[in-house]
Amino acid sequence: MRAEEQTSRHLLLAVMTTVFSGMLIFVTLIMGWEFWAVLLMAAGCFYVWFLHIARVGSDVFYENLSAGLLLIEFFFFNVHESSLFDIPAVASILILALFMLNKKWVLYTIEALYVLALLYHALIFHTISPQIEPREIFRLGLGAVVTFGGAALASYWIKRRSVQRQWYEDVFAELETAGKQNAVFLSNVSHELRTPINMVIGISEVALGRELSPDLRADMSSIKLAGKRLSNQINNMLDYTEIVEGTLKPAKEEYMITSVLNDVITTTALQSNRQHLEMVFDIDPKMPAVLVGDAEKISHVLKILVENSIKFTEEGGVNVRIGFRQEGYGINLIIDIRDTGIGMTDSQLTQMYKVFYQADSGSSRFAGGLGLGLPIARGLLDAMGAFIHFEGKGQQGLHAHIVIPQGIADDRPCIVLNHPEQLCIACYFKPEKYSCDEVRGYYDGLILNLVEGLGINGHQVHNFESLLKLQRSCPLTHVFIAQAEYEENRAYYEELAGGLRVIVIAEKEFVLDSGSRLLIIHKPFSALSVANLLNGEIGERGFAEAQAAGRKPFTCVGVRALAVDDEEMNLVVAKGVLGSYGIEVDTCLSGKEAITRCSENAYDIIFLDHMMPGFDGVATLKKIRELQDGAYQDLPVIALTANTVSGAREMFRNEGFTEFVPKPIERTVLERVLRKVLPKSCIQYSVKSAGHGAPEEDGKTAPAEKSQPAEGAEISGKDVLPEAPAEEPARLYDRLAQAGVNVELGLNYCGGEEAFFLEMLRIFCAQGKEKHAELASLYDSSNWEDYTVKAHALKSTSLTIGAESLSAQAKEMELAGKRGDTDYIREHHAALMDAYEALCGHIAGIIPYSEGWQIS
């Protein structure tokens, strides 16, 4: 669609074309000129308006067509004997009308048509001859001066306008470059800050795992919380960089909106609620269960806005309401976030999207942050084709209204009760205890939406006497009460729980007595938690698990997987992580070997490295799909890749992969993929964390199988690496951090298992000499294709152990190889090799029994 300014100019052009044609049609009819010309001029006007209204054709075509039509009409006017002395006036009108197009050829054409008209009158009509009177000669001379003078003046202003526009474009380009340089600077600063911050977080977590005094534990918790907060700000800077650089690409994948909402609820529940705000999360039960869009970006936007509301709300509450509206392409996802905070004035609302803007920017402001949250949220929404609108007044709260277009994959309702006709619920909350009327409205709205949307019999009472009366007159099945109401009459509710379900809506610190028969829904209060409870998806005391839906630990016992990667270390990680879920894992080091394995064995899922030398992941995938007359066509094949740029998921799907998991493997991403691609019968949820082993038949948890090196790989001649001596973990991790290893990141990629992490460090060091020599050999032989593949492998293996700096260097070399920038590779190769050698040497000096370079 054209820009607003362009559209306005085209509208003016269409109007002028119509007016000029209308005047000429009138003159033609009055003067008795050719009638066929009237039909052509009318058709031309109709066509111009059709193009403008229908937005058909390019801007250049539209402007040239309109100008051409006017010039043809000008020529038609000129070739009549009676128009000689009126030609300059018409030419001046055209110059004035078409001057806005900034096209000099139009002016030159008008001048040429004027000269041609004079010659036509002189040679054909003989109205210009030596015998004409002096008065007529003066009129002709004046007309020529007006015509050529007007054209010259218009040409001068077009030139001035072009110079001015070029100046503006240059200034804009400079500002855009400065903005991108600012973004790059923020990105570099963020990466430099991340290592020490992760070290602070990691060491604080290690310290919190020991026996500490209460005061020291509180101090360490504060250090960890401060580190997490700074880490979040660093992540915001990286998000802002991606938005400024324009590299955001929204995904188009199926997701459950209830999972997105639950993710936001879980994040909110983990935050400190020092203000004791009432958090209410509501969703339309009739919302389609599975949508098509970018769940991660929607979740990020919600977290930003909810956190912003909490930050600027001292008392009252925050309400998140998710609804929808049916559209031809699917639905418009409608999200409303309201709070009872300090709100914003009109001037603040107009400035709130400015980067680094803080409405409360004084030295005494109580809310922190960089001012990037709302610009990031708007950038994410813009990338998804959505919009956001804010309404608010000072000290009267803020209302954020978001509309996001989404597709529909499953139009069944997102919340369905098993037998709604059998339910009769009562809700007892005292409205006077809430300081804000808005909070009462939040709870009332949620209850009303659930009752109407789910088709259940529901009642709401505001005092104890009304509850007693309701109990006698209605066959209640569930009673929901607030914590304060429960504490007023504990004995009554304990007795009541003997005949029906009584649920307490309580703060997260609240616990019931050991013998209580009541159930708890810990705040924040949400429609999802109520629906889970009504469906009986909880145990007698196990509602905390239901509130964390989608995050239950599980195993995949009986699933057989094939992991394919040209790097032995990546296979060790894959086998260890997948094995912790009870998956039987086979490994191989090449695409050709993978094809052989698939032809000989049956697998339930394949994890395939996307970038391997020779026979790469895409070629391997195509061969696997063709095996046994297409028997593997529907087999889940997951791309293992370190390329996690925006839009990566769509890229891999287009290549034929089912899903992708970034390297190093993150458990949260892996679990999401496993739940998505494996049959539900293969997912067995358990109380114990699957990350620590598969459940045995007697209900106990078996230890996870110790990871072994990949088949065919030799690591310093040892099949099992010895354990490290019992050195102080904090001291060991401190030395690793000084060597440039992000311990927390490495531990996270190794599932939090210290022995596994140390084993990865030993393997990385043991393979260092061989991998170093391979890179050097490929560099010396100028084999840039395989050099790029090996740099890609080094990027992922170094990140697996937390060596972020080396991983970043390898990434730059990989990108240089992909774009064919051999000059960059030659300039930075030595630095990469020195960093690689130095890191291996440091690790060899820190981790016992590591073979490789030794630091003297």
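A search of the whole predicted structure finds 18 salt bridges. Side chains of opposite charge can pair when their charged atoms come close.

Lys430 is placed in the loop that runs between strand E8 (424–428) and helix H12 (437–454), whereas Glu488 belongs to helix H14 (residues 483–488), so the pair ties together parts that are 58 residues apart in sequence. Glu488 has a relative accessibility of 53% and therefore counts as exposed, since the exposed class begins over 50% relative accessible area.

A salt bridge is also formed by Arg560 with Glu584, for which the closest N and O atoms are 4.0 Å apart. This pair links distant parts of the chain, with Arg560 in strand E15 (residues 560–564) and Glu584 in strand E16 (residues 584–588), 24 residues apart. Arg560 is partly exposed, its relative accessible area being 24%, and Glu584, at 46% relative accessibility, likewise counts as partly exposed.

The side chains of Lys676 and Glu659 meet in a further salt bridge, with an N to O distance of 2.9 Å. Because Lys676 lies in helix H22 (residues 667–677) and Glu659 in strand E19 (residues 659–662), the pair ties together parts that are 17 residues apart in sequence. The two partners fall into separate accessibility classes: Lys676, at 38% relative accessibility, counts as partly exposed, while Glu659 is buried, with a relative accessible area of 1%. Salt bridges that share partners additionally join Glu278, Glu507 and Lys523 into one network.

Between Leu40 and Glu73 the separation is 33 residues in sequence, and their C-alpha atoms are 9.7 Å apart in space.

Technical notes
Residues numbered from 1 in each chain as written. Predicted model: local features only at pLDDT ≥ 70, side-chain atom pairs only at ≥ 80, totals over all residues. Heavy atoms only, no water. Helix = DSSP H or I, 4+ residues; strand = E, 2+ residues; numbered from the N terminus. Buried < 20%, exposed > 50% of the residue type's maximum accessible area, 1.4 Å probe, protein only.
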